[in-house]
Amino acid sequence: MYVYNTTFLVKNSRFEQWREFIDRELTPLFTDELGFSEPTLMRIHCPTEEGHTSFAYQIKAQNMRQIERWQTLYETPFKNRLFQIFGEEALPFSTIMEII
């Protein structure tokens with residue numbers, strides 16, 4: 001099993017709109033379209049730029065094929081849409097982790 005983690009640095013004034021975007025667009029894409037499970041959104045308690053907060057969005061994949069499908073078909077369009085809506089006010093950074 002794998003965990004696909006995306007850390008976002010979000011401007012505080014855009015948090016509600018960003019959260020709605022994650023709930024409305026990203027989670028259904030991962031769960032309904034790609035078969036990922038257990039989406040979890042967490043606030044990261046660490047020093048960040050003033051006026052911003054970091055969040056980790058994690059979701060589980062049964063295998064690397066699911067993640068590769070996301071990366072091949074959906075990741076770039078999703079990031080383009082995110083940038084189109086939020087510009088540099090919601091910056092993502094993703095990692096893949098294997099549960100051992």
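These are my notebook entries on what I looked up in a predicted model of a protein.

**Ground rules.** Side-chain values use heavy atoms, with hydrogens and water left out.

**Overall fold.** I looked up the secondary structure and found two helices and four strands. Helices here are DSSP runs of H or I with at least four residues, strands are runs of E with at least two, and both are numbered from the N terminus. Along the sequence the pattern reads β-α-β-β-α-β. The radius of gyration is 13 Å, close to the 13 Å from the globule rule for 100 residues, so the protein is as compact as a globular protein of that length. That radius is taken over C-alpha atoms, and the globule rule is 2.2 Å times the number of residues to the power 0.38. I noted the span of the C-alpha trace along its principal axes as about 35 × 30 × 20 Å.

**Surface and contacts.** The accessible surface comes to about 6000 Å², with 51% of it belonging to carbon and sulfur atoms. The areas come from the Shrake-Rupley method with a 1.4 Å probe, and for residues only the protein chains shown count as cover. Buried residues are 37% of the 100 in the protein. I use buried for under 20% relative accessible area, exposed for over 50% and partly exposed for what lies in between (1.4 Å probe, protein chains only). Of the contacts between residues at least 6 apart in sequence, 74% join residues at least 24 apart; contact means heavy atoms within 4.5 Å.

**Aromatic rings.** I counted rings of Phe, Tyr and Trp (its six-membered ring) as paired if their centres lie within 6.5 Å, with planes under 30 degrees apart called stacked, over 60 edge-to-face and the rest tilted. The count comes to 12 aromatic pairs. One of them is Trp70 with Phe78, a tilted pair at 5.9 Å centre to centre and 55° between the planes. Trp70 is buried at 2% relative accessibility, and Phe78 is buried at 9%. Ring pairs link Tyr4, Phe21, Phe30, Phe36, Tyr57, Trp70, Phe78 and Phe86 into a cluster.

**Phe30.** I then went to Phe30 in that cluster. Phe30 sits in helix α1, residues 15–33, and is buried with a relative accessible area of 1%. Leaving out residues up to four places away in sequence, Phe30 touches Tyr4, Gly35, Phe36, Tyr57, Ile59 and Trp70. I also checked Phe30 against Phe86, which is 56 residues away along the chain: their C-alpha atoms are separated by 20 Å.

**Thr53.** Thr53 is in strand β3, residues 52–61. Thr53 is buried, at a relative accessible area of 17%. The Thr53 side chain makes a polar contact with the side chain of Asn12 at 2.7 Å. For a polar contact I required a pair of N or O atoms within 3.5 Å; within protein, one must be able to donate a hydrogen and the other to accept it, and residues adjacent in sequence count only if both atoms are side-chain atoms.

**Salt bridges.** My search of the whole structure gave nine salt bridges, each a side-chain nitrogen of Lys or Arg within 4 Å of a carboxyl oxygen of Asp or Glu.

- Lys11 bridges to Glu89, with the closest N and O atoms 3.6 Å apart. Lys11 lies in strand β1 (residues 2–11) and Glu89 in the loop between α2 (64–86) and β4 (90–98), so the pair ties together parts 78 residues apart in sequence. Lys11 is partly exposed at 30%, as is Glu89 at 22%.
- Asp23 bridges to Arg19, with the closest N and O atoms 3.3 Å apart. Asp23 and Arg19 are four residues apart in helix α1, so about one helical turn separates them. Asp23 is partly exposed at 41%, and Arg19 is partly exposed at 34%.
- Arg24 bridges to Glu25, with the closest N and O atoms 3.3 Å apart. Salt bridges with shared partners join Glu20, Arg24, Glu25 and Arg81 into one network. Arg24 is partly exposed at 47%, and Glu25 is partly exposed at 22%.

Conventions: Residues numbered from 1 in each chain as written. Predicted model: local features only at pLDDT ≥ 70, side-chain atom pairs only at ≥ 80, totals over all residues.
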